[in-house]
Amino acid sequence: MALAGITKRFPGVVANHDIHLSVHKGTVHALVGENGAGKSTLMKILYGMQKPDEGTIEVDGTQVTFAGPADAIDRGIGMVHQHFMLADNLTVLENVVLGSEKLAGIGARARRRIAEISERYGLGVRPDALVEDLGVADRQRVEILKVLYRGATTLILDEPTAVLVPQEVDALFDNLRELKAEGLSVIFISHKLGEVLSVADHITVIRRGTTVGTVVPAETTTRRLAELMVGSELPTPETAESTVTDKPVIQVEELRLTADGGRPVLDDISFTIHEGEILGLAGVEGNGQTELIDALIGLDKADSGVIRLAGDDITDRATRHRREQGIGYIPEDRHRHGLLLEAPLWENRILGHVTEKPNTRGKRGIWLDPSAAQADTRRIVEAYDVRTPGIDVPAASLSGGNQQKLIVGREMTHKPRFLIAAHPTRGVDVGAQAQIWDQIREARREGLGVLLISADLDELIGLSDTLRVIYRGRLVADADPGSITPEELGSAMTGAASGHLVADDTDESAPDAPGKEGA
Amino acid sequence: MKKYDRVGRRIAFAAAGPAIALVAAVALTSVVLLVSGKNPFEPYTVMFEQATFSDIQVLILNDAAGYYIGGLAVAIGFRMNLFNIGVEGQYRLAAMVTAVVGANVALPAALQLPMLILVAMLTGAFWAGIAGILKVTRGVSEVVSTIMLNSIATSVIGYFTLPSVFGVQVGNNKTTGEMAESGWFPGIDMGAAGEVYGFVFVAVALGIAYWVILNRTRFGFDLRATGASESAAAASGVDAKRMVFTAMLISGAVAGLAGMPILLGDTHTYSLSFPTSLGFTCITIALLGRNGPVGIAFAALLISWLDNASAELDYVGYDTEIAVIMQGLIVIAVVVSYEAVRRWRLRAQQRMVGEELAAGHTKPTAPGDPGDDDTEKEVAAR
């Protein structure tokens with residue numbers, strides 16, 4: 001399979017530009033790149049979900065055009081989506097045959113075929129299990145089997161490891177090697193460089209929508225790959241000198257929250273962030289971060305515990321009060337919590353700060369001041385380099401990165417005392433990323449306290465003054481960002497290590513750290 | 001130039017939905033006429049002709065006032081994703097209570113009229129507030145509760161209009177007795193054409209207030225934000241529950257006024273012949289008017305015209321129900337065409353943003369954007 005000169009333009013961005021990629025039979029070809037680099041678009045083009053504006057796709061030496069996924073499937077291309085597309089209330093067998101009843105019926109013949117495929121590639125799938133009873137890794141194998149059942153010879157796996165724990169990742173890689181040995185090719189999309197190096201035969205790096213090079217794992221390192229991914233100059237999130245003061249800006253004491261089933265979601269969370277301090281919170285998604293943010297911003301009430309903002313107890317205060325008192329919020333899901341997608345940019349600039357200047361005027365701020373808000377939106381668009389033709393276009397028409405820049409600009413404009421920054425650079429291009437880091441550092445110098453939540457461990461380590469690890473709703477470990485490595489942090493995130501984490505080379509002085517072990 | 005272009009485009013998009021809906025509704029109505037073996041065009045000429053008579057014009061305007069106010073009441077709910085189907089019950093209950101109060105209290109006109117208007121608003125707000133409380137505290141869908149409350153309102157009205165309570169039997173009509181004359185809202189005498197209700201102007205004022213509050217106040221912004229994205233509004237500090245309750249109260253208060261043009265301007269009593277089902281028609285009107293004060297005005301006039309002009313159809317051998325069929329078809333066509341236009345518009349805007357950015361791509365990227373040069377170097381090196 002070969003792609004040449006693929007270009008795809010979207011409103012606001014050129015998603016793919018002059019992409020070159022050739023995948024050989026019997027190999028695992030990894031496609032790596034940052035969030036927003038254009039991997040997903042390329043994959044959709046490969047699978048016939050999007051049509052390229054320019055360029056050619058060749059399969060087995062013949063040039064093809066895909067009118068839709070059905071064409072791609074006919075050509076032996078199959079896709080395993082990141083979010084599984086399975087019907088929970090059906091059995092594995094039913095899920096596999098669903099939509100391909102013509103291939104081998106829905107009865108014994110289909111069952112035989114499933115058993116045969118499962119056997120050949122070592123997938124270990126039980127045809128009669130209900131999908132809702134299966135774990136994540138099993139579901140993924142069902143997805144793979146589904147694709148193979150339809151006769152795929154090229155499999156596209158979109159971030160398959162994002163949902164897996166390390167052991168499951170190893171098992172998946174064993175499966176991939178089986179597939180490879182049988183002469184199938186696999187396109188593996190990821191941004192986890194370590195995994196890519198261990199499983200791929202070729203690695204193509206995609207940056208800012210274009211392929212910047214193809215390497216073989218033996219001749220490269222994660223560092224080199226990372227540099228290819230972000231450009232030769234790795235922008236480092238490092239904060240130069242410490243600006244931490246002893247004035248607490250936010251104090252959280254013994255915050256607890258129990259889910260409906262009695263499972264603790266937040267368990268005895270206590271921390272203090274001082275003026276000029278960035279506290280980085282590491283953790284695998286879904287370990288209580290969302291609930292902690294909701295409790296801090298006031299969207300959800302914790303069952304017990306106290307939250308103080310600059311000494312004032314705000315535990316029972318409403319969200320609006322908290323925001324007026326200087327809590328800034330860069331939400332993890334900007335579409336759900338940060339924007340009114342169909343409203344113009346200037347109305348989005350008002351969102352969250354409707355009671356504050358310059359958005360309102362009059363003594364008690366009852367009246368909106370659209371012209372002042374519009375003027376300030378223009379300023380934000382200029383200062384934060386939001387790429388837009390104007391401030392009257394709806395937020396939905398901007399690319400994700402530009403939406404994020406608008407949100408960051410809005411929050412920073414109001415000079416927050418405490419900023420909740422959840423994945424502040426997710427989906428943002430490298431230039432904007434550096435700019436957002438600069439903004440946060442700048443505000444930190446002026447005494448801003450930040451709770452930084454990010455899946456990007458380099459960002460966490462580089463930007464934070466203090467690091468904490470959240471695991472199953474508990475703050476299980478802390479670390480010094482000056483000496484910790486992403487790997488060590490990663491092991492604490494999976495619950496493998498706890499206590500005070502110290503870098504390995506200084507480890508001998510800390511034998512009392514419970515549960516600490518090498519990653 | 002570009003600015004002008006954009007304004008033109010915006011107007012085109014705003015008009016496209018209603019235009020498509022109306023054309024579709026007319027076309028489908030013609031099909032119905034054809035199928036029943038009637039002339040598919042004549043009814044329209046008859047109805048258009050009706051609109052040229054001044055007495056019909058006064059009727060259209062007078063009825064439109066009530067429709068307009070009711071339409072605003074529904075639109076307030078729609079703007080924050082609340083479906084107040086209870087306008088029907090709210091306006092009828094409010095009209096009945098106001099009529100009773102007006103018949104039993106006689107203040108000077110300067111006090112009587114504001115007092116009656118206040119009574120109507122409070123009654124409507126109270127009735128809608130029940131649905132609001134149920135939704136906020138118990139999570140009861142406002143659709144279900146307001147439908148129920150409509151039925152209950154009918155029973156309550158039936159009880160209050162009993163001669164043994166507040167009712168006054170006039171012939172075989174149950175009324176609430178004639179209201180004190182100080183509570184009659186003065187109209188404008190048009191001679192032979194009739195009298196234009198003074199409440200028409202109140203309706204216009206309400207429309208202006210609706211626009212100002214929604215677009216120029218903090219409260220309006222919060223309300224619209226809640227309607228556009230409840231999660232984003234909550235994160236921005238809107239107390240969703242309070243907003244739901246407040247919006248229900250306001251919607252109900254405005255709904256309470258919907259019966260006032262006819263009550264204070266014409267009948268001066270609540271009786272069995274007081275118009276019903278205005279509250280349901282107003283849902284059509286708010287939909288057709290895209291919840292905007294101007295759009296609702298056009299929609300109210302349109303529906304009022306269909307109502308008043310269709311009476312003539314009977315005399316020339318057509319069924320007046322043609323107008324009802326058309327109203328129903330308008331609702332369906334509106335729902336379909338607005339969603340289509342909304343998507344089409346969003347796509348067009350995205351494309352436009354893309355084009356404009358692509359055109360302006362020669363603009364050097366901002367300083368502090370190290371990635372750009374490197375990309376070119378890398379591509380060249382490869």
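This is a predicted model: local features need pLDDT of at least 70, side-chain atom pairs count only at pLDDT 80 or more; totals for chains, interfaces and linings use all residues.
A polar contact here is a pair of N or O atoms within 3.5 Å, where, within protein, one atom must be able to donate a hydrogen and the other to accept it.

**Stop 1: Thr175(B)**

Select Thr175(B), which sits in strand E2 of chain B, a strand that spans residues 173-175. Show its side chain together with the backbone of Gly177(B), and a polar atom of that side chain will be found 3.0 Å from the backbone nitrogen of Gly177(B). Is Thr175(B) buried or exposed? Because its relative accessibility is 7%, Thr175(B) counts as buried. To see what surrounds it, leave aside the neighbours within four places in sequence and display the residues in contact with Thr175(B), which are Thr161(B), Phe166(B), Gly167(B), Val168(B) and Val170(B), together with Thr269(B), Tyr270(B) and Ser271(B).

**Stop 2: Chain B as a whole**

Along the principal axes, the C-alpha atoms of the chain fill a box of roughly 100 × 55 × 35 Å. Of the 382 residues in chain B, 49% are buried. Among contacts in this chain with a separation of 6 or more, 76% are accounted for by residues 24 or more positions apart.

**Stop 3: The two domains of chain B**

Now colour residues 1-38 and 318-352 of chain B as domain 1, and residues 54-316 as domain 2. The C-alpha centres of these two domains lie 26 Å apart, and the contact between them takes 16 residues from domain 1 and 14 residues from domain 2. About 1,300 Å² is buried between the two domains of chain B, with carbon and sulfur atoms giving 70% of that area.

On the side of domain 1 that touches domain 2, the elements giving two or more residues are helix H1 (2-35) and helix H14 (321-359) of chain B. Of these, H14(B) gives the most, with 10 residues. Colouring this side of domain 1 of chain B by class shows 12 nonpolar, 2 polar and 2 charged residues.

**Stop 4: Two residues with positive phi**

Remain in chain B and select Asn291(B), in the loop between helix H12 (278-288) and helix H13 (293-310). Its phi is near 60 degrees, a positive value in a residue other than glycine, and since its relative accessibility is 15%, Asn291(B) counts as buried.

Then move to chain A and select Ala310(A), in the loop between strand E14 (304-309) and strand E15 (312-313). The phi of Ala310(A), near 50 degrees, is also a positive value in a residue other than glycine, while a relative accessible area of 34% makes Ala310(A) partly exposed.

**Stop 5: The domains of chain A**

Finally, colour chain A by its domain assignment, which gives domain 1 (2-230), domain 2 (247-326 + 416-519) and domain 3 (339-414). The centres of domain 1 and domain 2 of chain A, taken over C-alpha atoms, are separated by 34 Å.

Definitions and conventions
Residues are numbered from 1 along each chain as its sequence is written. Chains are lettered from A and ligands numbered from 1 in the order in which they are written. Side-chain values use heavy atoms; hydrogens and water are left out. Domain bounds come from an automatic or database domain assignment. Contact means heavy atoms within 4.5 Å. Buried area is the accessible area (1.4 Å probe) that two parts lose on being put together, summed over both. Helices (H or I, at least four residues) and strands (E, at least two) are DSSP runs, numbered from the N terminus. Ala, Val, Leu, Ile, Met, Phe, Trp, Tyr, Cys and Pro count as nonpolar, Asp, Glu, Lys and Arg as charged, and the others, Gly among them, as polar. Buried means under 20% relative accessible area, exposed over 50%, partly exposed in between (1.4 Å probe, protein chains only).
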